[in-house]
Amino acid sequence: MARLPRLRAAGHLHLVVWRGHNGQPVVADDTDAHRLLDAVAELAAREGVAWHGFALLPNEVWLLLTPATDGALGRLMQGVGRRYVRLYNDRHGRRGTLWEGRYRAAVLAPPWTLPALVLLDTLPLEAGLCAQPEHHPWSSHRHYSGMQMWRGLQPPPAWWALGDTPFAREAAYRQRVAQGLTSSQRDALRRAALHGWPLGDDAFLAALQASSGRRVQPARPGRPRKGSAPNDSVPK
């Protein structure tokens with residue numbers, strides 16, 4: 001069955017994940033991390049993509065992005081992929097693909113902004129890389145909690161709404177991360193990113209479907225009813 005086209009929506013938040021091929025490492029050390037994030041910062045600015053957050057794991061890259069125009073997200077990810085794979089392969093004496101196919105992404109409604117940032121901050125804990133979010137150097141937690149400024153990051157509106165001063169926003173954000181996510185929130189975000197389905201209420205999904213002309217929810221399992229179109233495959 002034909003693969004559904006990617007759902008990308010200019011002006012909306014996108015949760016992006018890129019995995020290493022066969023689970024292989026994609027970020028081996030601090031040098032790799034700096035090179036990857038430098039590429040994201042430079043190319044995001046060039047393509048008009050607001051870069052809000054990140055989490056680097058040994059074999060996964062997670063990003064939170066808002067493209068300003070159609071096609072900007074694809075150009076950003078293609079540019080980062082080409083530049084970083086060349087640098088990584090040259091440095092580590094390897095050849096061939098680095099990524100597990102194409103990057104995956106989900107469009108998120110505004111209420112999912114803070115949960116998505118909290119997900120990024122807590123992925124390193126879930127992976128056993130640190131005991132506290134601030135101990136992992138390669139996520140955006142330290143930026144939003146006031147511990148370290150990261151070039152190129154643009155706070156989303158939901159973060160600005162946390163308080164009237166930088167100190168108030170940082171304190172409120174640290175508290176939000178300490179509260180964490182429910183298992184249903186975490187599962188919903190991960191599932192959306194990996195399978196490409198948007199997250200939002202019925203009105204948000206209806207508007208996305210109307211503007212994109214593409215189905216925005218998985219088809220019901222089973223054989224299609226007589227006279228209906230065959231089910232599309234889940235987007236990758």
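By class, how many nonpolar, polar and charged residues does the lining of the second largest pocket have? The legends below begin with that pocket. The model is a predicted one, in which local features need pLDDT of at least 70 and side-chain atom pairs count only at pLDDT 80 or more, while totals for chains, interfaces and linings use all residues. Residues are numbered from 1 along each chain as its sequence is written, and side-chain values use heavy atoms, with hydrogens and water left out.

**View 1. The second largest pocket and its lining.** The lining has 6 nonpolar, 5 polar and no charged residues, where Ala, Val, Leu, Ile, Met, Phe, Trp, Tyr, Cys and Pro count as nonpolar, Asp, Glu, Lys and Arg as charged, and the others, Gly among them, as polar. Gly11, His12, Leu13, His52, Thr66, Leu108, Pro110, Thr113, Pro156, Pro157 and Ala158 line this pocket, which holds about 160 Å³ of space. A pocket is here an open set of points on a 1 Å grid over the protein atoms alone, where a 1.4 Å probe fits, with protein on both sides within 12 Å along at least five of seven lines, and lining residues have an atom within 4 Å of a point. The volume is the space filled by probe spheres set on the points, with grid points joined across faces, edges and corners.

**View 2. Histidine 52 in strand E2.** Histidine 52 belongs to strand E2, residues 49–57 (strands, E, are DSSP runs of at least two residues and helices, H or I, of at least four, numbered from the N terminus). Histidine 52 counts as buried because its relative accessibility is 6% (buried means under 20% relative accessible area, exposed over 50%, and partly exposed in between, with a 1.4 Å probe and protein chains only). A polar atom of its side chain lies 2.7 Å from the backbone oxygen of glutamine 154. Beyond its neighbours within four places in sequence, histidine 52 is in contact with residues including Leu13, Thr66, Tyr144 and Pro156, contact meaning heavy atoms within 4.5 Å.

**View 3. Aromatic pairs.** The whole structure contains 10 aromatic pairs (rings of Phe, Tyr and Trp, the last by its six-membered ring, with centres within 6.5 Å; planes under 30 degrees apart count as stacked, over 60 as edge-to-face and the rest as tilted). Phenylalanine 54 and tryptophan 150 form a tilted pair, at 5.4 Å centre to centre and 50° between the planes. This pair links distant parts of the chain, 96 residues apart, with phenylalanine 54 in strand E2 and tryptophan 150 in the loop between helix H4 (141–144) and helix H5 (157–160). Phenylalanine 54 is buried at 0% relative accessibility, and tryptophan 150 is buried at 14%. Tryptophan 159 and tryptophan 160 form an edge-to-face pair, at 5.3 Å centre to centre and 75° between the planes; tryptophan 159 is buried at 6%, whereas tryptophan 160 is partly exposed at 44%.

**View 4. Leucine 37 in helix H1.** Leucine 37 lies in helix H1 and is buried, with a relative accessible area of 1%. Leaving aside neighbours within four places in sequence, leucine 37 is in contact with Trp51, Phe54, Leu56, Trp138 and Trp150.

**View 5. Serine 145 in the loop between H4 and H5.** Serine 145, which is placed in this loop, is buried with a relative accessible area of 2%. A polar atom of its side chain lies 2.8 Å from the backbone oxygen of histidine 141.

Key. A polar contact is a pair of N or O atoms within 3.5 Å; within protein, one must be able to donate a hydrogen and the other to accept it, and residues adjacent in sequence count only if both atoms are side-chain atoms.
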